[in-house]
Amino acid sequence: MTPLQQFYEEIKDCRKCGLSKSRTHVVFGEGNPRAEIMFVGEAPGEKEDIQNRPFVGMAGKLLTDLLAGIGLKREDVYIANVVKCRPPDNRNPQPDEIEACKPYLWKQIELIKPRVVCTLGNFAAQALLDKKVAITKVRGRHFQVRNFLVFPMLHPAAALHQGNLRPALLEDFKNLKQFLGKGIEPAPQPEQMGFF
Ligand code: URA
Ligand code: SF4
């Protein structure tokens, strides 16, 4: 078992916060365990909770398309969320839930060792920058955090709810492509793909 798989086994029955009462699955994340680029969303939605996979609903389809648009496949990157369990009715995660779950995200980052962590939306940007930042202020810039760079982007779901944000979201991905340039190649594919 890889250390990442082992870590999933450790937390898959987590009851550290109240979200454990209503969730179906602890949606750990998926992708390349040696990814250079990680994407971090907010929390699982209904489809994610049922399927035990991140970003598989409408926002997920958009994310997959945006990745394809800059030449990346989901399997090239690692996709996770700040909070691993679905908040009831998709409400925002609460500060105590984020605090309870955040160490798991840090541990995932420590094990995957990405060079760039793209945060999707306000919650992920605030969690990794450890500041109450507005995504509209920080998008388009990048920040050194520990041994990786944080690259804040709009959340794909925001552009689904507010169509006028779509051009800005596309711009974020275009900027990411430029930022990655030729310097960052997708990590080699592991023998074992799928959940981890
Ligand atoms: N799906 C996820 O897994 N995370 C989000 O933030 C939104 C949809
Ligand atoms: Fe545990 Fe995180 Fe789920 Fe809360 S959201 S129960 S801390 S895995």
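Helix 3 (58-69) and helix 8 (residues 166-180) pack at an angle of about 45°, their axes lying 10 Å apart. That angle makes helix 3 oblique to helix 8. Helix 3 crosses helix 8 in the right-handed sense. On the helix 3 side the contact is made by Leu62, Leu63, Leu66 and Leu67, and on the helix 8 side by Arg166, Leu169, Leu170 and Phe173. By class, this contact has seven nonpolar, no polar and one charged residues.

The model is predicted: local features need pLDDT of at least 70 and side-chain atom pairs count only at pLDDT 80 or more, while totals for chains, interfaces and linings use all residues. Residues are numbered from 1 along each chain as its sequence is written, chains are lettered from A and ligands numbered from 1 in the order in which they are written, and side-chain values use heavy atoms, with hydrogens and water left out.

The terms used for helices are as follows. Helices are DSSP runs (H or I, at least four residues), numbered from the N terminus. Axes are lines fitted to C-alpha atoms over the stretch in contact, and angles run from 0 to 180 degrees between N-to-C directions. Angles under 35 degrees count as roughly parallel, over 145 as roughly antiparallel, 65 to 115 as roughly perpendicular and the rest as oblique. A crossing is right-handed if the near helix is turned clockwise from the far one by less than a right angle, and left-handed if anticlockwise. Contact means heavy atoms within 4.5 Å. Ala, Val, Leu, Ile, Met, Phe, Trp, Tyr, Cys and Pro count as nonpolar, Asp, Glu, Lys and Arg as charged, and the others, Gly among them, as polar.

| Pair | Axes within | Crossing angle |
|---|---|---|
| Helix 1 (residues 3-11) and helix 4 (residues 95-112) | 10 Å | roughly 165° |
| Helix 4 and helix 5 (residues 121-129) | 11 Å | roughly 75° |

With axes crossing at roughly 165°, helix 1 is roughly antiparallel to helix 4. Helix 1 passes helix 4 in a right-handed crossing. Pro3, Leu4, Phe7 and Ile11 of helix 1 meet Tyr104, Lys107, Gln108, Leu111 and Ile112 of helix 4. Helix 4 and helix 5 are roughly perpendicular to each other. Here Ile98, Lys102, Leu105, Trp106 and Ile109 of helix 4 meet Phe123, Ala127 and Leu128 of helix 5.

The largest pocket holds about 750 Å³ of space. Of the 30 residues that line this pocket, Glu42, Ala59, His155, Ala157 and His161 lie nearest its centre. Helix 7 gives the most to the lining, with four residues. By class, the lining of the largest pocket has 13 nonpolar, twelve polar and five charged residues.

The structure also holds one cavity of 30 Å³ or more, and the largest cavity has a volume of about 100 Å³. Among its 14 lining residues, Cys14, Cys17, Cys85, Cys101 and Tyr104 are the closest to its centre. On a 1 Å grid over the protein atoms alone, a cavity is a set of points where a 1.4 Å probe fits but cannot get out; a pocket is an open set with protein on both sides within 12 Å along at least five of seven lines, and lining residues have an atom within 4 Å of a point. Grid points are joined across faces, edges and corners, and a volume is the space filled by probe spheres set on the points.

Note on methods: Helices (H or I, at least four residues) and strands (E, at least two) are DSSP runs, numbered from the N terminus.
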